[in-house]
Each structure stands twice: as structure tokens, then as C-alpha cells.
Amino acid sequence: MFDAVYNATSALPDYAILAIAAAVFGAIGGLISFLSYRLWFQRWSKHSDFEDRLAETAHDSFIAIIAFVLALSIANEFDNYTKAKDLVRQEALEIYRIQRELDSIGPLGEDGTRSLRAYARSVAEDEWPTLATRPSSLSPVTQDRFNALW
């Protein structure tokens with residue numbers, strides 16, 4: 001089920017995902033607030049100052065935990081993004097290095113240059129979309145292009 005949701009949302013722009021998530025979590029929070037008011041707080045007509053402070057402390061603690069989990073998840077996603085960006089940069093540098101070597105060979109390297117361009121195009125068009133789905137997999141087309149390059 002989670003794979004289907006992940007694959008469906010990967011086709012949506014980030015702002016649409018943000019709007020959907022905000023609406024869903026807002027609706028769930030509103031429902032929890034409504035039910036807790038109806039079932040608990042409406043029946044609790046009188047309470048002391050100590051109970052008010054206790055409720056405020058619990059509320060502040062929940063907000064602090066939510067902020068901590070949010071910061072942790074943002075840091076984790078930023079770390080994953082940085083790693084992916086570094087790997088893409090390394091692959092681009094390798095492609096550029098191979099292209100320079102093929103150009104230095106001259107006319108003998110033209111077949112290799114065509115194979116390298118087909119491989120790079122396949123990485124952008126086939127490999128990245130298959131890696132973005134769950135379960136992620138490598139593109140067989142890109143593997144064939146890589147084998148042809150060798």
C-alpha cells in the first residue's frame with residue numbers, strides 16, 4: 001500500500017504534495033480535537049490552576065517533541081539529498097572524463113562517443129525514473145547502454 005502511495009505522489013509536484021499532506025494532517029488533527037473536546041473536556045467543567053498548568057506543560061512538551069521530530073526528519077532528508085547530489089556530480093565527472101579520453105583518440109573514438117551519449121541520455125530518461133519508484137530498480141536499458149559502451 002505504501003509503495004502505491006509513494007509511486008502515485010512521485011508524479012505530483014512538491015507543492016501539491018505539501019497541500020495534500022497539510023489538508024490530511026489538518027483534518028486528522030481537527031477530528032482528534034473535536035472528539036477529545038466532545039468526549040473529555042466538555043464533561044470536565046471545573047479544574048484547578050494546577051491542572052491548567054499541567055495541561056499547558058503537556059501541550060508545550062508535545063510541541064517540543066513535534067519540533068524535534070520535524071527537525072530530525074528535515075536533517076535526514078537534507079543529508080540524503082546531499083549524498084545523491086554528490087553521487088550525481090561524481091557520475092557526471094566520470095562521463096566528462098571518458099568523453100575527453102574518447103575525443104583524444106580522434107575518429108577511432110566516435111563509436112564510443114555515440115555509446116557514451118546514449119548511456120548518458122538513458123541515465124537521465126530511464127534510470128532516474130526507475131530509481132524514484134518503490135521498489136527501486138536499475139533500468140535494464142541503461143545497463144545495455146553501459147555494456148555497449150564497454
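Tutor: We start with a definition: contact means that heavy atoms lie within 4.5 Å. Please keep in mind throughout that this is a predicted model.

Student: With that definition, which residues is Gln 99 in contact with, leaving aside its neighbours within four places in sequence?

Tutor: Once those neighbours are set aside, Gln 99 is in contact with Thr 113, Leu 116 and Arg 117. Gln 99 itself has its place in helix 3, and Thr 113, Leu 116 and Arg 117 are among the residues of helix 4 that helix 3 meets.

Student: Why is Gln 99 called buried?

Tutor: The word buried is used under 20% relative accessible area; Gln 99 has a relative accessibility of 16%, and therefore it counts as buried.

Student: What makes helix 3 and helix 4 roughly antiparallel?

Tutor: The axes of helix 3 and helix 4 come within 9 Å and cross at roughly 165°. Angles over 145 degrees count as roughly antiparallel, so helix 3 is roughly antiparallel to helix 4. The crossing in which helix 3 passes helix 4 is left-handed.

Student: Which residues meet there, and how do they divide by class?

Tutor: From helix 3 come Val 88, Glu 91, Ile 95, Ile 98, Gln 99, Leu 102 and Asp 103, and they meet Gly 112, Thr 113, Leu 116, Arg 117, Tyr 119, Ala 120, Val 123 and Trp 128 in helix 4. The residues of this contact of helix 3 with helix 4 divide into 9 nonpolar, 3 polar and 3 charged.

Student: What makes Lys 83 and Asp 79 a salt bridge?

Tutor: As a general point, side chains of opposite charge can pair when their charged atoms come close. The cut-off is a side-chain nitrogen of Lys or Arg within 4 Å of a carboxyl oxygen of Asp or Glu, and the closest N and O atoms of Lys 83 and Asp 79 are 3.4 Å apart, so they form a salt bridge. Both residues lie in helix 3 (residues 49-105), 4 residues apart, about one turn of the helix.

Student: Why is Lys 83 called partly exposed?

Tutor: Partly exposed covers what is between buried, under 20%, and exposed, over 50%. Lys 83, at 48% relative accessibility, therefore counts as partly exposed, and so does Asp 79 at 35%.

Student: How many salt bridges does a search of the whole structure find?

Tutor: The search finds 5 salt bridges. One of them joins the side chains of Arg 97 and Glu 94 at 2.8 Å, N to O, and these two residues lie 3 residues apart in helix 3, about one turn of the helix. Glu 94 and Arg 97 are also linked with Glu 101 in a network of salt bridges.

Note on methods:
Residues are numbered from 1 along each chain as its sequence is written. This is a predicted model: local features need pLDDT of at least 70, side-chain atom pairs count only at pLDDT 80 or more; totals for chains, interfaces and linings use all residues. Side-chain values use heavy atoms; hydrogens and water are left out. Buried means under 20% relative accessible area, exposed over 50%, partly exposed in between (1.4 Å probe, protein chains only). Axes are lines fitted to C-alpha atoms, for helices over the stretch in contact, and angles run from 0 to 180 degrees between N-to-C directions. Angles under 35 degrees count as roughly parallel, over 145 as roughly antiparallel, 65 to 115 as roughly perpendicular and the rest as oblique. A crossing is left-handed if the near helix is turned anticlockwise from the far one by less than a right angle, and right-handed if clockwise. Ala, Val, Leu, Ile, Met, Phe, Trp, Tyr, Cys and Pro count as nonpolar, Asp, Glu, Lys and Arg as charged, and the others, Gly among them, as polar.
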